[in-house]
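Here's a quick walk through one structure, with its strands, helices and core in turn. Have a look at it first, then read on.

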Amino acid sequence: MVINFSDQEVLKGEKTIFLAGPTPRGGKCISWRKEALKILEELGFDGIVYVPEYSNWKTKPDYLDQVLWERKALEEAKIILFWIPRTIPDMMGLTTNVEFGYWLHSNKVIYGRPDESEKIKYLDWLYEYDYNKKPVNDLKMLLEEGVNRLK
């Protein structure tokens, strides 16, 4: 597995997953993407994982550079896994809402969130309406679905 962080050039490949969802702000939360990468490693995923965070897990100070990196990586991704563990105020995910709506009709989206996530009713409805699927409420199951779809 190759981890492609947002302080690196966007790589290209046949098996690519973008880990979309809220990024911790203010240092109060640990990124959920660390656990996701551990699970992908355990699943034996051998592709590229796009992580929209710096390799040192700090947020990128240059906004324009960050959003351009994310746009390129989202375009390259074969699968966009949205995991939305929304808590207010530490993991708001406001940009995530826009990205979810923007990419929903790309046929690349797989969506999940913990049952205790806040303010996700509309995202749940959109996903169920457009994909005729319930959101996945377990991160490992979400990642397994993404890996299996790439096989």
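## How the helices pack

A quick definition to start: helix axes here are lines fitted to C-alpha atoms over the stretch in contact, and angles run from 0 to 180 degrees between N-to-C directions. Keep in mind that this is a predicted model.

With that in hand, helix H2 (residues 63-76) packs against H3 at about 35 degrees, the two axes lying 13 Å apart. Their crossing is right-handed. On the H2 side, Glu70, Arg71, Leu74 and Glu75 do the touching, and they meet Glu99, Tyr102 and Trp103 of H3.

Strand E4 (residues 79-83) is largely enclosed by the rest of the structure, because five of its five residues are buried. Look at both faces: Ile79, Leu81 and Trp83 are buried on one side, Ile80 and Phe82 on the other.

What does E4 pair with? Strand E2 (residues 16-20) runs parallel to E4, joined by four bridges, and Leu19 sits opposite Leu81. E4 also pairs in the parallel sense with strand E5 (residues 109-112), again through four bridges; here Ile80 has Val109 as its bridge partner.

## The nonpolar core

The largest nonpolar core has 44 residues, and those touching the most other members are Ile17, Phe18, Leu19, Phe100, Val109 and Tyr111.

Take Phe18: leaving out residues up to four places away in sequence, its contacts include Tyr50, Pro52, Trp69 and Glu70.

Terms used
Residues numbered from 1 in each chain as written. Predicted model: local features only at pLDDT ≥ 70, side-chain atom pairs only at ≥ 80, totals over all residues. Heavy atoms only, no water. Buried < 20%, exposed > 50% of the residue type's maximum accessible area, 1.4 Å probe, protein only. Helix = DSSP H or I, 4+ residues; strand = E, 2+ residues; numbered from the N terminus. Pairing = 2+ DSSP bridges. Core = buried A, V, L, I, M, F, W, Y, C linked by side-chain atoms within 4.5 Å. Contact = heavy atoms within 4.5 Å. Left-handed = near helix turned anticlockwise from the far one by under 90°.
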